[in-house]
Amino acid sequence: MRDWENNIRRVVPYTPGEQPKNTCVIKLNTNENPYPPAPGVKEVLSNFNTDDLRLYPDPRVDKLVNAIADFYKIDSSKVFVGVGSDDVLAMIFMTFFNSKKPILFPDITYSFYDVWADMLRIPYEQLPLSDDFSIVPSDYYKANGGVVFPNPNAPTGKIMPLDEIEDIIEHNQDVIVVVDEAYVDFGGESALPLIDKYDNVIVVQTFSKSRSLAGSRVGFAMASPVLIKYLNDVKYSFNSYTMDRITIEAATAAVKDRAYFEETTAKVIKTREWTKTELKRLGFTFCDSKSNFIFAKPANVSATKLFEDLKADNIFVRHFSSPERINDYLRISIGTDEQMHTLIKFLENYSC
């Protein structure tokens with residue numbers, strides 16, 4: 001081995017959901033929104049002055065920051081934006097998780113957490129979920145360098161009540177606690193009110209799910225002005241111009257259309273509840289998901305086989321082979337009514 005190879009930072013990368021090249025598929029594997037972005041987004045893209053691309057974007061992203069602040073009725077000093085919530089979370093890891101003590105997160109959760117921790121040389125401990133896939137707040141009553149967890153959790157879709165979230169925060173007031181709310185708009189209760197009660201809480205959300213902008217990469221964090229300042233200090237030291245002009249305009253249009261946001265999230269929730277009923281009828285078992293997906297265990301067939309057979313019929317869902325405790329489950333994103341009816345029809349015929 002050559003000397004320079006000894007200094008390579010080697011990590012096992014995050015594995016994203018498959019993006020099939022064939023567009024004639026039912027794509028229920030990456031938790032995208034089945035509905036288009038708000039109408040104002042199309043208008044922005046149609047009327048965008050391409051000559052503006054000569055110029056750098058606003059590094060402060062004030063237009064979008066102010067729109068998010070207006071939507072959530074908070075001061076703009078409490079908002080940080082990034083290129084998707086993954087970018088926001090990575091900035092949080094770099095900024096706040098620098099203790100020699102391990103950060104804590106669940107053993108079954110968003111699988112990017114351990115990737116960032118390994119890449120950034122952050123010690124961590126994964127705490128087991130209970131048998132029913134619940135986060136156990138008392139497990140987090142220990143010395144640590146920070147806490148992060150999704151709510152609803154991924155890939156289970158299970159929600160943690162706000163009082164249990166606050167319980168974790170109350171027992172960890174000397175470290176940063178991050179509540180990752182990528183799916184909260186589909187039936188969860190946001191921890192946003194807690195950022196005013198506790199100065200160590202960061203709430204992270206995304207435009208990829210409930211606002212149909214996965215292809216534009218927009219995420220944001222809400223926290224005390226002090227924490228937001230620290231995040232911006234790291235961002236400006238890493239890459240000042242993280243969000244392009246087109247994305248800023250499109251995302252601003254999306255967040256301003258509250259009526260469309262509420263309409264499409266309600267449609268996803270209604271379809272999810274119908275799908276739960278149908279899956280239960282077909283013998284699947286699952287947590288009571290409050291996200292835009294269902295984490296379901298099929299009856300009388302392995303999840304691996306069903307995953308492959310669905311894929312052969314151009315229906316893409318997500319299967320996780322590890323940890324072993326979840327390899328009998330499939331994560332099924334909620335699509336349109338038509339797509340979910342097609343899925344259920346396949347499963348009805350499959351079980352015959």
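1. Start with the cysteines. Cys24 is exposed, with a relative accessible area of 61%. Cys287 is buried, because its relative accessible area of 12% falls under the 20% cut-off. A disulfide is a covalent bond between the sulfur atoms of two cysteines. The structure holds zero disulfides. Keep in mind that this is a predicted model.

2. Strand β3 (residues 103-106) and strand β5 (residues 146-150) run parallel, with two bridges between them. Find Leu104: its bridge partner in β5 is Val147.

3. Now the helices on this sheet.

4. Move on to the four-stranded sheet. This one is open too, with the order β9-β10-β13-β12 and antiparallel pairing. Two bridges join β12 to strand β13 (residues 330-333) in the antiparallel sense. Arg318 has Arg331 as its bridge partner in β13.

5. A helix belongs to this picture as well. Helix α9 (residues 258-281) lies across β9, β10 (293-297) and β13. How does α9 run relative to β10, and at what angle? The angle is about 10°.

6. Turn to the aromatic rings. The count comes to 20 aromatic pairs. Take Tyr110 and Phe112 as an example. Their ring centres are 6.0 Å apart and their planes stand at 75°. That angle is over 60 degrees, so the pair is edge-to-face. Are these two residues buried or exposed? Tyr110 is buried at 18% relative accessible area, and Phe112 is buried at 16%.

7. Compare another pair, Tyr113 and Trp116. Here the centres are 6.4 Å apart and the planes make 35°. Why is this pair called tilted? Stacked needs under 30 degrees and edge-to-face needs over 60, so 35° counts as tilted. Both residues lie in helix α4 (residues 113-119). They are three residues apart, about one turn of the helix. Tyr113 is buried, at 0% relative accessibility. Trp116 is buried as well, at 4%.

8. These two pairs sit within one group. Phe93, Phe97, Phe105, Tyr110, Phe112, Tyr113, Trp116 and Tyr124 form one aromatic cluster. Pick out these residues in the structure to see the cluster.

9. Finish with Arg211. Where does Arg211 lie relative to Phe71? Arg211 lies over the face of the Phe71 ring, at 4.6 Å from the ring centre. The charged end of Arg211 also sits over the ring of Phe261, 4.3 Å from its centre.

Notes. Residues numbered from 1 in each chain as written. Predicted model: local features only at pLDDT ≥ 70, side-chain atom pairs only at ≥ 80, totals over all residues. Heavy atoms only, no water. Phe/Tyr/Trp six-rings, centres within 6.5 Å; stacked < 30°, edge-to-face > 60°. Buried < 20%, exposed > 50% of the residue type's maximum accessible area, 1.4 Å probe, protein only. Lys NZ or Arg CZ within 6 Å of the ring centre and 35° of its normal. Disulfide = S-S within 2.5 Å. Pairing = 2+ DSSP bridges. Contact = heavy atoms within 4.5 Å. Axes fitted to C-alpha atoms, helices over the stretch in contact; angles between N-to-C directions.
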